[in-house]
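This report considers how the parts of a protein model meet one another. The sequence and structure are shown first.

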There are 2 protein chains.
Amino acid sequence: MKSLFENIKILTPNGVIEGFLGVDGGKIAYIGEVAPAGYESARKIDGRRRALIPGLINTHTHVPMTLLRGYADDYDLDTWLTRHIFPAEAKLDGKCVRAGTVLGIAEMLAGGTTSFSDSYYFCDEIASVAEISGIKASISRTVINFDNEVKFGECDGTREVLDLFNNWHGRDNGRIRIDAIIHAEYTTSESLWRSLGSFAKENGLIMQIHVSESEREHKGCIEKYGKTPIALFEHYGVLDAKTIAAHCVWIDDEDMAIMRKKGVTLAHNPVSNLKLASGIAPIPKAIEQGINVSLGTDGVASNNSHDMFEEMKLAAILHKGRNYNPCAVNAETAFNLATVNGAIAQGRENECGKIAVGMDADLVMLDLDRPHFMPCHNLLSNIVYSARGSDVCMTMVRGKVLYENGEFKTLDVERALFDVENYAISRMF
Amino acid sequence: MKSLFENIKILTPNGVIEGFLGVDGGKIAYIGEVAPAGYESARKIDGRRRALIPGLINTHTHVPMTLLRGYADDYDLDTWLTRHIFPAEAKLDGKCVRAGTVLGIAEMLAGGTTSFSDSYYFCDEIASVAEISGIKASISRTVINFDNEVKFGECDGTREVLDLFNNWHGRDNGRIRIDAIIHAEYTTSESLWRSLGSFAKENGLIMQIHVSESEREHKGCIEKYGKTPIALFEHYGVLDAKTIAAHCVWIDDEDMAIMRKKGVTLAHNPVSNLKLASGIAPIPKAIEQGINVSLGTDGVASNNSHDMFEEMKLAAILHKGRNYNPCAVNAETAFNLATVNGAIAQGRENECGKIAVGMDADLVMLDLDRPHFMPCHNLLSNIVYSARGSDVCMTMVRGKVLYENGEFKTLDVERALFDVENYAISRMF
């Protein structure tokens, strides 16, 4: 099925083009100021007062935690985790996770996210919903072993990692990927670091890790191991796999040098880091040091949404205010964090992250016909500083429309909401 | 005209009521779980999957600066002001201001703001658009005299202040109010402080001031006068009028003591303070000290939107992250900043800021039937942490619908956009 966006503003890496974008075979096949030939029978999409941007890439979330939106806010981290989140999560089952995943992916699609990196439990359900939804997903199964010795593939958790990999990795021509994850240094130990690190490296998997999110965690690691979390993970070979390190609020200069050397992406989660009172990650310095920085929402329980436009704006303004430097993270940089850098983080840089001929047609159409976009001196500025998820009027992955004007083409949101309200909530809370 | 909201969630100061809200004579006349009598011929509004909240109150903006949205971002303050903003503003005329005001008020109404405090130029135009729009507005005419002696009522600027007061103050039963403003201590001097302070006090006007927005301004004032801006303004009687002090990023403990003693409201502008790299105001401490804290967007040139939901969420999360305290500003506090505290700031606390029988029907209806509101464990949490301006499906002031489902009932936004694009932009830039 071919599609042709007509008379639309197109945000390309080289600036804004006003004209036409043709989609053929799931790829961007044409970009230009004049209408292309060969699209006579294509679906024509009126682009007047609209803009096309590349799909946004959320490189750190836990999508089923959508179930916990607004369940427990404004508590200190310990109370939040031990009295509220962990007890609720302990009662999860596959049906809960499935329903929460539908709601979370629906929210992402409605807000212009076309690819996400996830870590959680009951990952078969997550992968299945992702497959049906049409979104791109990089899914990892969390294993927490604390100080216990792990024989990879022999305990429940790591067996699931293997099964997940065998059943799902590369599904639909790479749309679904399986990643590895080390949850964090304080919830795992050496045998898992070594074995999962090797497994990830041997199979070309992305490694996800939570790193130096809170001061307590960062300092506790130094006390226990004499090394920062990043240095520790480097030492045990975890970073030999292509890695996404989430949060990195408390990393130091040496950590940054390691991250740069090993090609580790820093997945910045500004909303979650503020809401959980973790602090503010040193993003301008990380960028200056040449680290690939991407963006994530984190789970909805600590956000409380999946709106990547909000992360983009907050990334752009937070570091200006914190560093008293209005040039700290400019609009273009913030936009790159949410797009091309996310694609690099996920190992998808050859398929998405920017609008160019030959890339997958992972496209988001914004409705500019709203007062908060008027006037438009600078489209990129309006997208970074004035847009929000609800300005998305169409989301497409590989040329297939997944969301349009409030309607989900692949997901049954009503049914998922029913399951959440009539099953998951009574089970979990 | 009577209206009746049916089967709706109503956010009152005492919690959420599910039921009915009746509007009669522009006031909230009934709130209850059962349908009231006497509304047989009223307009019935289906409230299923919707919520009613009090209209949001933006206590600091410069609405015509909507013209400058995205015009010059990511510059240092000096470059921004002197090379971009001031030269553009110097070419403003009434027609530009009128068109920009229509766009700005439209954006506010579409985002659930029902009252705003403004300071700018060409204020007849602002007042006229505000009157037509149906919104509540507290408008002040900026006078900048630097070190020049001012005889109040004899120079152009102060004459306009007088004319504005005489022509507009109290219009439509107090819906339009005229405030006084001292732009800032570095742009004005003693004769204006004394004369405008007296004028405001004698006539019961609110005084608006910009205070300690940047470190340079705060320290420069101490160097020049041996006092902080707040202490200086107290000394010259400016704070004897009921005052809204915007920004207050750099205020110290003694400033807070003065503000509390004089009943000064701190209008917090978290987005603008970050974007202009001014810093982060000490909001938790100010609240703890008993200062009335409200919220503002500041002008769109430094935001770049008028979305009070965004300010509310940022106020709730920013101070958690900055102070490493997840309880710093909770959801209820953030909601109060945007509603009841704003009403106190504007001297409108007897007419709006909360949903209660006898208050003006300044109401905002939110559409909860969207993935980012699912599930709903806690309505207030979802409103503060998950909502955004675009969730507003109806905005009503004094019982009159001003905005509904994308349609503006009182403003010609298309015409204003035409004037901006075909007149203002070519004139100003």
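## Domains and contact surfaces

The C-alpha centres of domain 1 and domain 2 of chain A are 29 Å apart. Domain 1 of chain A comprises 3-54 + 355-408, and domain 2 of chain A covers 62-346; such bounds come from an automatic or database domain assignment.

This is a predicted model, in which local features need pLDDT of at least 70 and side-chain atom pairs count only at pLDDT 80 or more, while totals for chains, interfaces and linings use all residues. Residues are numbered from 1 along each chain as its sequence is written, and chains are lettered from A and ligands numbered from 1 in the order in which they are written.

Between the domains, 18 residues of domain 1 of chain A are in contact with 22 residues of domain 2 of chain A, contact requiring C-beta atoms, placed from the backbone, within 7 Å. On the domain 1 side, α15, β16 (392-397) and β17 (400-404) of chain A each supply at least two residues. The largest share, five residues, belongs to α15(A). Helices (H or I, at least four residues) and strands (E, at least two) are DSSP runs, numbered from the N terminus.

Between the chains, 52 residues of chain A are in contact with 52 residues of chain B. Among the elements of chain A that each supply at least two residues to this side are α2 (94-110), α12 (308-323) and α15 (379-386). The most comes from α16(A), with five residues.

Definitions and conventions. Two residues are in contact if their C-beta atoms, placed from the backbone, lie within 7 Å.
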